[in-house]
There are 2 protein chains.
Amino acid sequence: MNFELTKEYVTMIVTAIGQQDGAQLKSELDELFPPDIANLLYELDGSQAHYLLQLVDTEIGAEILSNIDADERTALLKDHFTSEEIAQYVDLLDSDDAVDLLNEQPIQVREEVIALLEDRDQARFILDLLHYPDDVAGGLMQKELIKVNASSTVSECVEEIRRQAEEVEKVYAVYVVDDDQKLLGIVSLKQIVLARKNTRIGNIVTDDIVFVETTRSGEEVAELMQRYDLDAIPVVNVQGRLLGRITIDDMVDFITEKAEEDLQAISGITGEAEEDDSVWELAKARLPWLVVGVVGSLMGATVIKQFENELSQMAALAAFIPIMGSTGGNVGIQTSSLIVQSLAEKSGITTGLGQRLLKISTVAALNGLIIGSLAGLYVYLIGEPQLFWVVFTSLLAVVVLASFMGTITPLLLDKVGINPAIASGPFITTANDLVGISTYFGIAHVLLHL
Amino acid sequence: MNFELTKEYVTMIVTAIGQQDGAQLKSELDELFPPDIANLLYELDGSQAHYLLQLVDTEIGAEILSNIDADERTALLKDHFTSEEIAQYVDLLDSDDAVDLLNEQPIQVREEVIALLEDRDQARFILDLLHYPDDVAGGLMQKELIKVNASSTVSECVEEIRRQAEEVEKVYAVYVVDDDQKLLGIVSLKQIVLARKNTRIGNIVTDDIVFVETTRSGEEVAELMQRYDLDAIPVVNVQGRLLGRITIDDMVDFITEKAEEDLQAISGITGEAEEDDSVWELAKARLPWLVVGVVGSLMGATVIKQFENELSQMAALAAFIPIMGSTGGNVGIQTSSLIVQSLAEKSGITTGLGQRLLKISTVAALNGLIIGSLAGLYVYLIGEPQLFWVVFTSLLAVVVLASFMGTITPLLLDKVGINPAIASGPFITTANDLVGISTYFGIAHVLLHL
């Protein structure tokens, strides 16, 4: 357990593959959990990975495949697996994982694989799930669950669990439906264990439960599962009929992915870059926001060019260009990330815009006074006292303006349905750079009568 | 279900509290889940919250308290609850939640409450847990679990579940131990449901399981639970004796909290600020990094002051100060956030520093060439062609240098045990601001012979 992948281990595996030493490889792989084998596959080329996968049971193989990242999986399946081979694995995957895998395939392969499935229930599940977007409850759910009628008994329920034991890996609870398949409530597995065999399910059902419709956003599902500490949440259609469930392990992956996306958005990386992507992919992921930054800075340059005259008269003015830009940027990113955070926590009452801005301006004024004084002190230290009021007033103005921008931008983006985390990154720093410089030279122009 | 808190609802509750209308309030609260009542309490003052909590069953009250944020809970308990009242709730909390709550209390209250507990098992659990730091497995685990000896039968196991049904809310699996309490493996609740009553637990135990020692970091526990899709993970001591378990709902909270901390670190916010904190708390959370930014920029100002002479001769030089600073900052934050991300994903093989830097420099050079050309074009447009090589070379150098800094800083911080996300925020932008400006003026000095 707690397997750690080392270079030596990979070398040993690669050598064994080179020697086609199936027996040794099999005994090595027997020691590993499928997610560890998935990590091992990242270190191999496609034909090596294909060879390894053929050595393990199809069921283990399916579990390994469901643990590989989408990109790597697509590449692996594309060049090294026939549709027949893929269908064998898809037959054994949970329906949600099966749909994810199929969605990554070219449409022709997808149709071939579905046609080749031996488990016709699975094929039907997949066709049901394929038409949901992947970030709403319908796209996140799996069809595998234990469902019983309210009129059945506990022992009939146990029989149903036994019948589906292979299909439904994690049970958590049994969903109780009426004759129209409408969701009435749940009975936890613990209740099943403790109840008498002939008890009617309808008598022990908990009907006060949390469920979602297929159209609910993934973020809201995550918030609900987290708020109510749920292991699984049932998904229903508008008529209240039970369609599937979302389990917590899938939600954990969803939450982690979203957190990563936010962190990337705030750092100005587009797409879903990872350090081990190719040089070209990495350069492409960074370029858009770098260019935005450059364009913003060049607009700043144009502003500064207007004050060339003032600058030749008083070159010391240039010394405070960086502090205006960077303070604006820092304040902007701080403000917007707090707003992004409180947008993500939807459980409380929303504060009005006016109140928000008032509070944020007070905080800004407080901080502005402190850092304005610091910079003011520096002005005296370097012997440019005539710049005191220019630097002090500009910094104060920059902090307040940047706070405003940092508040309004994410709120606006959220309103129009764009991830507000994007606002917290380079966009806000670039905009505030520009605001900072313009404010500074404007104030210098007025106060210094240059 | 899917309760949404509105201003009208809060007003209605507050009015009812004012009229001491216990009956109406009770019937309102009966409709809500405990986490929703917790959200409602945030909108009330301490004595109103105290009044409401006294209206519900102690068990519901305990669940509500375990759902309130640490800060708010501390304030609420401090002024409005006696140690006797607190002890009533602590008796009914899961041991991990009980410890969290007690850790927030002054030491005297903590000792009083522990002495007042009626459930002596709970008191022992709490004393066991109190000495673990809160971010390692020992500090995250709860003592409540179902544990049976390998020699017992399935029906004895069911009896044990029944006996502890109230204590252990979520069972997931039964932990199997030997006579020395050493963890041998688990039997899932599903297996218990499906097994025959007289089967020996030792015959159906899965012994190939993932567990952690008490000293494992929370991040590693999260990574393991996520990698292996675990609902709960057993925690053992160095001798392998079973001490407790960590359930997935607590891990989801841990993951969300860490993601929020990273986002705040990267945005230059210290502590755990939220938009609804007080003005003073918010100002304090932002000030440290703002001051770092100011100090960095003033160091930049000092550099620029050295070139006052050059600036008076060629004021247009000042126009490119912002692009150097902001590009350095943007590249730095992009690079370091990718490094932070790959540090967080520990499952693969670690790339060597040399290889990392080589790849990152290639990406940097590629992007540097593109944005350098953009800025170079602008130099011609504004009619300052003599600045072309200065701006182009400086930008290229800045991008490469910033990439280096953005790679090395988080790696270094991670080595010495500091959260590398801190490096991705204002620290890296400030440092790169300074590097950018120095590089630019250095190159200008050499190339222009001013």
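Select first helix α1 (residues 7-18) of chain A, which has twelve residues and reaches 16 Å from its first C-alpha to its last, close to the 16 Å expected at 1.5 Å a residue. The expected span is 1.5 Å times one less than the number of residues. Helices (H or I, at least four residues) are DSSP runs, numbered from the N terminus. Select next A:Gln20, which follows α1(A) and has a positive phi, near 50 degrees.

The model is predicted: local features need pLDDT of at least 70, side-chain atom pairs count only at pLDDT 80 or more, and totals for chains, interfaces and linings use all residues. Residues are numbered from 1 along each chain as its sequence is written, while chains are lettered from A and ligands numbered from 1 in the order in which they are written.

**Domains of chain A**

Colour chain A by its domains: domain 1 (7-133), domain 2 (147-253) and domain 3 (279-448). These bounds come from an automatic or database domain assignment. Between the C-alpha centres of domain 2 and domain 3 of chain A there are 51 Å.

**The two chains**

Now select the interface: 102 residues of chain B are in contact with 102 residues of chain A (C-beta atoms, placed from the backbone, within 7 Å). On the side of chain B that touches chain A, helix α17 (residues 279-306) of chain B gives the most, with 16 residues. The copies meet through the same surface, because 100% of the interface residues of chain B are also interface residues in chain A.

**A residue in a loop**

Select B:Arg200, in the loop between α13 (189-194) and α14 (201-204) of chain B. Is B:Arg200 buried or partly exposed? With 14 C-beta neighbours inside 10 Å, B:Arg200 counts as partly exposed; a residue is buried if 20 or more other C-beta atoms lie within 10 Å of its own, exposed if 12 or fewer, and partly exposed in between. Not counting residues up to four places away in sequence, B:Arg200 touches B:Ser151 and B:Thr153. The C-alpha of B:Ser155, 45 residues apart from B:Arg200 along the chain, is separated from that of B:Arg200 by 9.1 Å.

Note on methods:
Two residues are in contact if their C-beta atoms, placed from the backbone, lie within 7 Å. Helices (H or I, at least four residues) and strands (E, at least two) are DSSP runs, numbered from the N terminus.
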